Amino acid sequence: MIRLVNQMLRQAVRGSASDLHLEPHEDGLRARMRIDGTMQSVFDRRDVPAKRVVSRLKVMAGLDIAETRLPQDGRIALRLGGRAIDVRLSTLPGHHGERVVMRLLDRSGGLMALDRLGLSAVNAERLNRLAALPNGIILATGPTGSGKTTTLYSLLRLADRRERTILTVEDPVEYDLPGISQTPVNPEIGLTFARGLRSILRQDPDVILVGEIRDTETAQTASEAALTGHLVFSSLHANTALAAVVRLRELGVEGYLIAATLRGVVAQRLVRRLCPDCARKAGPTAQEAAQFAAHGVPLPEMIGHAAGCEKCDDTGFTGRVGIFDILEIDETLRAAIDSDASEVTLREAAGPRPTLMASALMLVAEGATSLAEVRRVLGESP
């Protein structure tokens, strides 16, 4: 059993999986891992006793193996192939036993150069400008798993100057950042994002990273911190850059405070890169050409399609690349935010600007990804 669990974890780390799922069912146990945002099967076997596998993992995470009726959360620290891997484990009781999901964090990663994120030269210049600001709030938005934390860490590296003190409050601390003080939240003892942020403000910081703005108190405290001369980076769940303004309003932040503190919003998604060894090229169809025309992106002569080979495990993709919509708040937009304008009015105030779909289509034109992959991530909407 110990060998089986170790082998599963090794396979997940070798495959650069972000999550490992163990799902007991009436016939046995199924294991799957999430690689590049999509689920891939590890095994589905009848001869594996699910309870013993779950018990082994709970022992490794320091959880109560006798308690099977309540969800539990724990952590496993591993060293595999010379890499420090932090495993966040979560159990959930089910009809056929406890379901286990493990989030794998490679502590050696995290800090990436802007060109590796997939940023164009124009967007990289915008991020550099935002990171150089003396105060204000800069938000990264997008669904879970869209790379917000990686972008925020890269922004921290841009903001890292010898003259500046940088402090973070995160849930959890995903990667170790040298020279930066990082604080993990612990709701069980009352250390929430809001309380951690208030404590950080007494530590004389210049730049603050708040892992996520989830509630009114955190949103209010972050805005006040930006108003008092601090540069605040954080993430927020919103579908578009302008929707972040509406989301802050929903959290109870006044329009005048948003207008005074918000400096920029980075909306992003991750799409899989086409495997360079097996990607096939074909001329665009009339429907594909219409999509490029609708978003004002020049139509390429050929576009890439996924095929599948041994090197990419027959998926047709290797790795992922970001698509970005970076919104800088100018005076026109600030006035609209101050007057509590609707999202439609905000869009008019922002003027014509590239959408996430337009950024994605540019990657398709470059041959980095496929149109089918873009539709999977963004849907058919603009």
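Q: Is Ser 16 buried or exposed in this predicted model?
A: Let's start with the cut-off: a residue counts as exposed when its relative accessible area is over 50%. For Ser 16 the relative accessible area is 55%. So Ser 16 is exposed.

Q: Which loop holds Asp 204, and is Asp 204 buried or exposed?
A: Asp 204 sits in the loop between α6 (193-201) and β10 (207-210). Phi of Asp 204 is positive, near 55 degrees, even though the residue is not a glycine. Its relative accessibility is 62%, so Asp 204 counts as exposed.

Q: Which two residues does a cis peptide bond join?
A: Here's a handy bit of background: most peptide bonds are trans. In the loop between β8 (166-170) and β9 (181-184) you'll come across Pro 172. With omega at about -10 degrees, the cis bond joins Asp 171 and Pro 172.

Q: How far apart are the end C-alpha atoms of residues 201-215?
A: UniProt, in an unreviewed entry, lists this stretch, residues 201-215, for "domain: Bacterial type II secretion system protein E". In the model, the chain over residues 201-215 is 7% helix and 27% strand. The distance between its end C-alpha atoms is 18 Å.

Methods. Residues are numbered from 1 along each chain as its sequence is written. This is a predicted model: local features need pLDDT of at least 70, side-chain atom pairs count only at pLDDT 80 or more; totals for chains, interfaces and linings use all residues. Side-chain values use heavy atoms; hydrogens and water are left out. UniProt positions are given in the numbering used here, feature names are shortened, and annotations may be inferred rather than shown by experiment. Helices (H or I, at least four residues) and strands (E, at least two) are DSSP runs, numbered from the N terminus. Buried means under 20% relative accessible area, exposed over 50%, partly exposed in between (1.4 Å probe, protein chains only).
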